[in-house]
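Thanks for coming, everyone. Please bring the structure up on your screens, and we will walk through it together.

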Amino acid sequence: MGKLIYNEWIKYFNRLGTWVMLALIILFMLLPVILTMQFGSTKYDHKTYGDNWKTEVKKDIKDMQEELAKINKKKEKDREVEDYNKLATYENRISELSFYLKKDVQPPAGNDVYSDMLGINGFIPLIAIMITVMCSGLMSREHQQGTIKLLLIRPASRLKIFVSKLIFAFIASFLFLLFGYVVKFIISLVTSQMNPTSKIAVQSGEEMKYKMVEFMPLLMRHFANDYMYVVIFAVIAFSLSVLFRNTSLSIGVTFTLMFFGDIAVMFLQSKTELVKFLWPANWGLNQYNVDNIAPLPVDDMTFTFSLIYNIVALLIVIILTAVIFKKRDIAN
């Protein structure tokens, strides 16, 4: 089994395309940094607070309130780009700083490392796309290149071959996700200010109320949930590559599920509570995190329900695909 997994590793990580995908992850994560540098930021974004932070925070809140009052007195035609930037950020920053004061926790800079790290959620679909492209060819490429028969005449059984490719899909998903988190962490360290405490204020629920949480447990939960999300599409893509024996078709169907699954949930959630039994309504486990502000598809949905649903769905897909692969006539 180990040699079969290693064989998959050699095949995919010796390809230029794999390294290009990893490079694209870096590029897309750098784009927001470039855009921020291009359009600028406010003077409070990089400001950190020292030992006398309570006095400094109160002064900053007062200064921002005064600046907002001046901007609001201006006519729209007289406002500059910087004014609109302040209008978009100051009010939220005032609320955030006031919450830190209330909880007696030293606040971080506006562009702190913790908040920047939690912003990785926007890049997880990109990583899922990369994994989909990779896993869509795990079995179908063997058929298209005619190497499937050479693979099956080896002493290893069909089940071992199937499981080895599946395990590789799990490993590749983990490594791509870990790579994304490491890249995001490095970028955050270079471009953002380090937090003074282990706590961070996050907005929660539709009312966007602030809550104070420990950062590391929240980040670990994000990582675990993101891994489940990526694995779901890795398994779907791999299963379709077994069933269709065509890489392009596997990629196309998986992308369709990825992009239109959420749209279907949004369309149906206002019409029926049965939407909670659809897989797309459950595969995003981050919807249960304390820093989630989007409403659940159905109010009575729980993390446990969605987690069990995902595990059962994955097992059903894997078992059915394994049975089909074991019984299928490769000549056809």
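Let's begin with a pocket. Three helices, α6 (124-135), α10 (215-244) and α11, each give at least two residues to the lining of the second largest pocket. Which helix supplies the largest share of that lining? It is α10, with four residues. Keep in mind that this is a predicted model.

How big is this second largest pocket? Its volume is about 670 Å³. A total of 26 residues line the second largest pocket, and the closest to its centre are Asp262, Gly284, Gln287, Asn292 and Ala294. What about the classes? The lining of this pocket has twelve nonpolar residues, eleven polar ones and three charged ones.

Next, helix α12. This helix covers residues 303-327, which makes 25 residues. At 1.5 Å a residue, α12 should span 36 Å. The C-alpha atoms at its ends are 36 Å apart, so the model agrees with that value. Which residues of α12 are buried? They are Ser306, Asn310, Ala313, Leu314, Ile318, Thr321, Ala322 and Phe325.

Now the aromatic rings. Two values describe a pair of rings: the distance of the centres and the angle of the planes. Searching the whole structure gives 18 aromatic pairs. Take Phe13 and Trp19, an edge-to-face pair. Their centres are 6.3 Å apart, with 75° between the planes. Is Phe13 buried or exposed? Its relative accessible area is 11%, under the 20% cut-off, so Phe13 is buried. Trp19 has 48% relative accessibility, so Trp19 counts as partly exposed.

A second pair is Tyr288 with Phe303. Here the ring centres lie 6.1 Å apart. The planes meet at 85°, and angles over 60 degrees count as edge-to-face, so this pair is edge-to-face. This pair links distant parts of the chain, 15 residues apart. Tyr288 sits in the loop between α11 (247-268) and α12, while Phe303 belongs to helix α12. Tyr288 counts as buried, at 16% relative accessibility. Phe303 has a relative accessible area of 25%, so Phe303 is partly exposed.

Back to Phe13 and Trp19 for a moment. Both belong to one aromatic cluster, together with Trp9, Tyr12 and Phe168.

The charged end of Lys271 sits over the ring of Phe267, 4.9 Å from the ring centre. Lys276 lies over the face of Phe305, and there the distance to the ring centre is 6.0 Å.

Two leucines to finish. Where is Leu189? Look in helix α9, residues 158-191. Leu189 has 39% relative accessibility, so Leu189 counts as partly exposed. Along the chain, Leu189 and Ile94 are 95 residues apart, and their C-alpha atoms are separated by 24 Å.

The other one is Leu118, in helix α5, residues 113-118. Is Leu118 buried or exposed? Leu118 counts as buried, at 11% relative accessibility. Leu118 and Trp283 are 165 residues apart along the chain, with 19 Å between their C-alpha atoms.

That's my tour. Over to you for questions.

Technical notes
Residues numbered from 1 in each chain as written. Predicted model: local features only at pLDDT ≥ 70, side-chain atom pairs only at ≥ 80, totals over all residues. Heavy atoms only, no water. Expected span 1.5 Å × (residues − 1). Buried < 20%, exposed > 50% of the residue type's maximum accessible area, 1.4 Å probe, protein only. Phe/Tyr/Trp six-rings, centres within 6.5 Å; stacked < 30°, edge-to-face > 60°. Lys NZ or Arg CZ within 6 Å of the ring centre and 35° of its normal. 1 Å grid on protein atoms, 1.4 Å probe; cavity = no way out; pocket = protein on both sides within 12 Å on 5 of 7 lines; lining within 4 Å. Points joined across faces, edges and corners; volume = space filled by probe spheres on them. Nonpolar A, V, L, I, M, F, W, Y, C, P; charged D, E, K, R; others polar.
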